[in-house]
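Let's take a walk through a protein model together. Please have the sequence and the picture ready.

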Amino acid sequence: PRTVFLRDYTPPAYLVEEVRLTFRLAPHATRVLSEIQFRPNPDAADRDFFLHGEQLKLISAHVDGAPVTPELVEGGLRLDAPDAAFTFEAEVEIDPENNTALEGLYRSNGMYCTQCEAEGFRKITFYPDRPDVMAPFHVRIESDLPVLLSNGNEVARGEGFAEWYDPWPKPSYLFALVAGDLVAHADSFTTQSGREVALNVWVREADIDKCAFAMEALKKSMKWDEEVYGREYDLDLFNIVAVDDFNMGAMENKGLNIFNSSAVLASPETATDADFERIEAIIAHEYFHNWTGNRVTCRDWFQLCLKEGLTVFRDQQFTGDMRSHPVKRIDDAMLLRSAQFREDNGPLAHPVRPESFVEINNFYTVTVYEKGAEIVGMLKRLVGDEGYRKALDLYFERHDGQAVTIEDWLKAFEDATGRDLSQFARWYHQAGTPRVHVAEDYADGTYTLTLRQETPPTPGQDDKAPVVIPVAVGLLNPNGDEVVATRVLELSEAEQSFAFEGLSTRPVASILRGFSAPVILRHEQSHETRAFLLAHDTDPFNKWEAGRDLARTGLLAMILDGAGPDAGYVDALGQAVSDEALDPAFRARLLALPGEDELAQAIFETGTAPDPTAIHAAREALRRAIAERLGDTLSRLYETHQVTGPYSPEAKDAGRRALTNAALSLLTLTQGGDRARAQYRAADNMTQQIAALGALLVIGEGEAELKAFEEQWHHERLVMNKWFGLQVAAARPEETAATAEALSRHPAFDWKNPNRFRAVFGALAGNAAGFHDPSGAGYRLLADWLLKLDPLNPQTTARMTQAFSTWKRYDEDRKRLIRAELERIAGAQGLSRDTSEMVGRMLA
Ligand code: HT7
Ligand code: ZN
């Protein structure tokens with residue numbers, strides 16, 4: 001397969017003035033008629049007329065009305081085209097029913113829908129399917145189905161047809177079409193300039209009672225983007241459609257967002273607090289793309305972080321504003337560390353702006369999204385709130401309607417703020433997580449902080465240069481008073497010292513406050529200092545971090561040195577979670593221990609091969625010790641923070657439930673299942689129900705509840721995904737693979753549905769001790785199923801191969817077992833380009 005390089009970018013030979021598409025929908029033989037007005041691109045180096053096209057049956061083609069016979073080549077067609085403006089027409093036939101890859105035009109439960117990002121439009125018709133070709137689209141859909149939707153505004157509708165026009169020039173990846181038997185939850189929004197926008201959430205009739213929350217989230221997002229970024233919506237209509245079969249969370253097609261039903265549908269009975277928060281964030285994310293992605297788009301797919309990093313940053317800000325900034329920051333840092341640092345530390349590490357790819361779908365990664373968002377956050381920290389807003393205003397003003405690059409983005413910051421960002425730009429080019437080592441000195445009233453940075457080599461990048469790291473620091477005196485408020489230090493050299501004068505006593509430093517940069521801090525601190533920071537730090541992130549550090553250090557001592565649970569840590573934790581001045585949601589985060597994968601990486605970095613079984617056992621032992629030593633505290637928290645009254649997904653109640661359920665899961669370990677069973681019986685919402693069930697399963701109980709749950713919810717696909725996933729997640733290590741295998745034989749295991757497949761096999765990969773059980777059964781089972789899914793859905797398969805990405809950390813036996821599975825996948829006949837690239841990179 002061909003590797004595409006950023007350095008090979010050339011401008012398109014022809015630009016598109018306007019597109020007219022007609023769809024004659026039929027399950028196996030949909031006809032797509034296109035009429036595309038081309039004009040030569042004055043900036044192009046040649047006049048090579050090439051249109052992308054895959055899996056298309058060409059019926060006819062015309063240039064300016066005259067029939068032509070294009071040369072059909074791999075991946076598209078070529079034609080001797082005029083060196084002047086002309087109209088190209090084509091008629092093609094496609095087979096949506098047999099499109100199982102869920103890319104292009106496909107059918108899901110009798111409904112037609114599209115997914116074009118990144119390169120799916122070429123499976124719909126011949127077109128320059130690249131983001132730097134932007135055009136207005138006219139679309140006519142012919143079908144007997146009652147609801148026919150496309151981008152933009154509806155301009156005509158009659159018996160068996162609808163016509164749509166999207167005036168905003170867009171790249172083909174933002175094209176969308178939906179046709180089905182759907183109903184709408186309708187509402188409207190008045191923009192800041194007084195325009196009325198009709199809003200619809202389209203779903204199957206059975207789901208109409210689960211749309212209200214998504215609609216509210218959409219209206220909040222529209223208002224927030226006006227207030228915080230000055231960005232107004234630009235069409236008369238905004239449609240959202242829920243689809244059951246979908247490879248990712250959602251897609252920001254212009255005016256017609258298509259969502260995985262799991263990212264839209266919610267009712268108190270069927271969705272958890274975490275689901276509600278996720279839905280609110282994804283609705284916001286896709287809506288925010290209207291400006292960051294759609295109005296200003298990417299020149300090429302190497303610039304993906306331009307829209308994704310920025311839009312993730314914007315949705316993080318939004319969630320912080322809607323809920324709690326400290327808690328959101330903790331959640332984002334946990335995700336970054338568990339998933340992005342893991343990626344950066346392994347064979348799949350790549351820069352936020354990659355330099356090459358075989359299959360672009362493999363680069364929708366946590367690095368591009370989450371580290372991309374961290375870079376935007378660092379820029380904001382460095383230029384300040386005002387500078388950031390000025391830069392964003394300039395970026396939108398300068399590039400509206402354009403397809404641009406990271407260089408254009410940084411230039412807007414440079415021009416708006418006068419700052420030179422040439423060194424900062426390394427964050428986009430250099431892969432790997434910087435380590436920042438801390439040394440401290442105190443003499444004659446001056447505290448000196450010396451910071452040293454180094455980034456380990458990553459595949460293809462052996463030498464790393466220093467990056468600009470904003471390190472937010474505050475100093476406390478021994479009484480716990482803040483003597484130096486948060487100050488952002490700019491670490492740009494390999495090593496740099498910063499002095500703080502006029503301090504009468506040696507201060508306690510709180511470093512990397514608010515997780516001010518996506519780095520690993522190496523700061524030797526005593527147990528006492530960490531306990532002090534857990535008790536006194538005025539920065540909520542670092543307060544949480546101090547507890548996390550204590551927990552991690554204690555766990556590593558248990559795993560590596562056979563130490564017992566650290567009673568000092570448990571007592572300090574008990575004090576912190578009892579502090580009624582702290583937000584319950586924050587206290588729930590304090591009670592969560594570092595994950596097993598995070599511990600495995602920490603052990604690997606000490607030069608030892610991690611043993612997932614031992615890690616699991618130590619973590620469980622510490623959880624039990626916490627439950628034993630803090631039994632009274634946890635019982636009190638459980639009793640006094642129960643939410644009474646009708647369910648609301650708002651942050652305040654959700655935080656209380658998070659705290660009581662964290663307490664419940666610990667208490668169940670030492671006090672048995674009665675409390676959880678009572679909660680299960682009394683639950684009137686999914687958060688309480690699933691938390692109780694999970695607590696029971698972990699102690700090997702809950703058989704009756706599991707059965708009752710299935711009986712109650714067998715008709716709700718999204719709820720049943722939880723039922724499948726929870727059993728695998730809660731299984732004992734030695735039983736995990738067998739549990740997943742048994743569930744894969746359940747009649748409701750619809751493996752072609754990505755949500756259901758992920759529920760079982762994503763949970764298998766996520767249960768670290770179970771997946772890495774020394775028998776190798778987890779590896780074999782996952783590989784078997786990935787090989788089965790690959791011919792149907794390469795995108796989801798390739799994504800899930802990442803379960804194996806940490807294989808080089810483990811002992812020789814596990815390495816041998818995993819390598820054998822990776823080689824078995826790599827050697828499979830007809831393996832997709834997507835999966836082949838992923839396993840190839842992991843084996844390299
Ligand atoms: N921009 C979208 C990314 C995407 C996608 C979505 C659904 C299915 C396949 C997809 N491939 C790429 C989603 C987003 O980041 O908002
Ligand atoms: Zn996005």
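We will visit a sheet, then an annotated span, then the surroundings of a ligand.

This is a predicted model, in which local features need pLDDT of at least 70 and side-chain atom pairs count only at pLDDT 80 or more, while totals for chains, interfaces and linings use all residues. Residues are numbered from 1 along each chain as its sequence is written, and chains are lettered from A and ligands numbered from 1 in the order in which they are written.

Start with an open sheet of three strands, arranged S4-S8-S7 with antiparallel pairing. Strands (E, at least two residues) and helices (H or I, at least four) are DSSP runs numbered from the N terminus, and two strands pair if DSSP finds at least two bridges between them. Strand S4 (49–52) and strand S7 (71–73) are at the edges with a single partner strand each, so one side of each has no neighbour in the sheet. Between S4 and strand S8 (residues 76–79), which run antiparallel, there are four bridges. Look there for Phe50, which stands opposite Arg78 in S8.

Next, find residues 90–174. Their end C-alpha atoms are 21 Å apart, and the span is 51% strand and 0% helix.

Finally, turn to ligand 1. Which residues come nearest? Of the 13 residues around ligand 1 (C-beta atom, placed from the backbone, within 6 Å), they are Gln115, Glu117, Asn247, Met248 and Met251. Strand S20 (250–251) and helix H2 (273–288) each give at least two residues to this shell.
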